[in-house]
Amino acid sequence: MEKRKTYITTPLYYVNAKPHIGHSYTQIICDTAARFRKQCGEEVFFMTGTDEHGEKIEKATLEAGFEKGQEKKFVDTIVPHFKELWKKLDIKYDHFIRTTDMVHEETVKRVLSILYEKGKIYKKLYKGWFCTPCEMFWSHIHAPDGICPDCKRKLDKLNEENYFFKTSEYQNALIKHIKETNAFILPDMRKNEVLSFLENNELQDLCISRPKTRLSWGIELPFDKNFVTYVWFDALLNYISGIGYLDDRKRFDSLWPDAIHVIGKDILRHHAIYWPIMLLAIDEKPPKCICTHGWWMTEGEKMSKSKGNIIDPLKIIAKYGVDAFRYYLLAAVPFGYDGTFSEKLFIERYNNDLANDLGNLLNRTLTMVEKYFDGIVPEVKLSCDEGMKSAIENLPGKFGATFMQFDSSFALKEIWKLVKQANKHIEDKAPWKLAKKNKEELSAVMYELIQAIGIIAVLLYSSMPDSARKMWKQLGMKPDIASKNICTPETEKEKFWGIIPSGTKTAKGKPLFPRIVLE
Ligand code: MSP
């Protein structure tokens, strides 16, 4: 059996338009989590990709001037935009899956056949509401006024024969699973939302087909060629088709038990209700964890293509750099909550946290080591400052505990406590005065500051890989920062003290975070 690995996934992005900040956010959270877990010695497989079938895409194909039947040609022009942005955002995924990949299509057909043979899929006439943009069916109970409860748009009336999956049979099993499985849905407020929905509503069986007379761009049902598969039923299966469910069971078994799906709150119901039920129905376990983040808003509204209020991440990166952008998204909002993106807020945070706090600490310290010790990290004879030492030794544990729960904002705040403490240490100790009267104490202060910056760089690597590498280099360190193991047992935490050994030759470079001056 292959060694077990942590398996991190993003949702598959619709390729009806170019990616925006909302999509970048999911991607950055996953990339950061994957990098951090690797630093902790875990083996990680990180998968992302694109959702390419369904009505949205068929419509976008025609709008882009392509003809009906040329959907694949159209999506082939959009996918590179996603790949290009992920590259610019420094996203290191292990596999990019497309729902038009052959192995994915075959997996969807296989699962449909299994369910059909088991008697879990049946045909019936559906009369009721349908939300075309969300591709969701709504009963009169949930949408008495003909408005979509999710996107608040007007619903269409539908009268159509379709295939349904017996979702309702699994309602109680799912409630039990959610209640009994620790951290299955994060954060807790989302778990409560799902439970309350399940406990107060009778689940409707899920419509899993679309007649070809209405939609032809999709995976044909293996048991009825007049229908294609509902796009969500198709897309959710990527999480198993991409890791060998059909063709490499060993690989699948090594990855599936530790599957973590990171998603936005708008797609929670699909992931926390339909997806686990699909898995239970084919005798597979639900994923280990569904981590749900909030939305990025502009002017009080969710950023989305249909609202026309999108901010292009490429423009922000071009102006301010990728790491500043990653940092802002990770630090500005507690995990699970909505955040507002505006250039003004971005610049404020950049100037405070990166230019003032971190940038100054790095520049001042390296300048002083250069000036007083010819750039060499000094030997220390005196006993060190206990406050600085214990803050440094305890930081990785505090940071890791929250970071593993995806709360990057809280975890980064822990780092900034040390950044502020170190800056205060400089003010309190006034090394420029010590230089005149007490070289031994000066050595100790410099050593303490360098150790603080060392551990800060290592812990920042997953969030700001390029800047952390540069900090590491300026500290004079050679081995790759990514391989610096930070999850050591509690008993070994003193290893973090001395992470940058005395005698190391520092190499102060250009300021990493120059202040942004508003015109
Ligand atoms: N294709 C489906 C997912 C299928 S997964 C099997 C989909 N695609 S999407 O492109 O519309 O959204 C992808 C992800 O981007 C979702 O997690 C969604 O929450 C996220 N975001 C889209 N707009 C967003 C914001 N404005 N803010 C934060 N994330 C949001 O849904």
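Predicted model: local features only at pLDDT ≥ 70, side-chain atom pairs only at ≥ 80, totals over all residues.
Helices (H or I, at least four residues) and strands (E, at least two) are taken here as DSSP runs, numbered from the N terminus. Residues are numbered from 1 along each chain as its sequence is written, and side-chain values use heavy atoms, with hydrogens and water left out.

The ligand is surrounded by 24 residues, a residue being counted as near when one of its heavy atoms lies within 4 Å of the molecule. The closest of these residues are Leu 12, Asp 51, Gly 264, Asp 266 and Trp 296. At least two residues of the shell are supplied by each of strand S1 (6-14), helix H1 (21-39), helix H7 (231-236), helix H8 (238-241) and strand S12 (259-264), and the largest share, four residues, comes from S1. By residue type, the shell divides into 13 nonpolar, eight polar and three charged residues, where Ala, Val, Leu, Ile, Met, Phe, Trp, Tyr, Cys and Pro count as nonpolar, Asp, Glu, Lys and Arg as charged, and the others, Gly among them, as polar.

An oxygen atom of the ligand lies 2.5 Å from an N or O atom in the side chain of Asp 266, and an oxygen atom of the ligand is 3.1 Å from a backbone N or O atom of Tyr 14, while a nitrogen atom of the ligand is 3.5 Å from a polar backbone atom of Gly 22. Taken alone, the ligand exposes 650 Å², of which the protein buries 95%, the areas coming from the Shrake-Rupley method with a 1.4 Å probe.

Within strand S1 lies Thr 10, which counts as buried (under 20% relative accessible area, with exposed over 50% and partly exposed in between; 1.4 Å probe, protein chains only) because its relative accessible area is 0%. The side chains of Thr 10 and Thr 48 are joined by a polar contact of 2.6 Å, that is, a pair of N or O atoms within 3.5 Å, of which, within protein, one must be able to donate a hydrogen and the other to accept it, and for which residues adjacent in sequence count only if both atoms are side-chain atoms.

Asn 423, placed in helix H15 (residues 408-429), is likewise counted as buried, because its relative accessibility is 11%.
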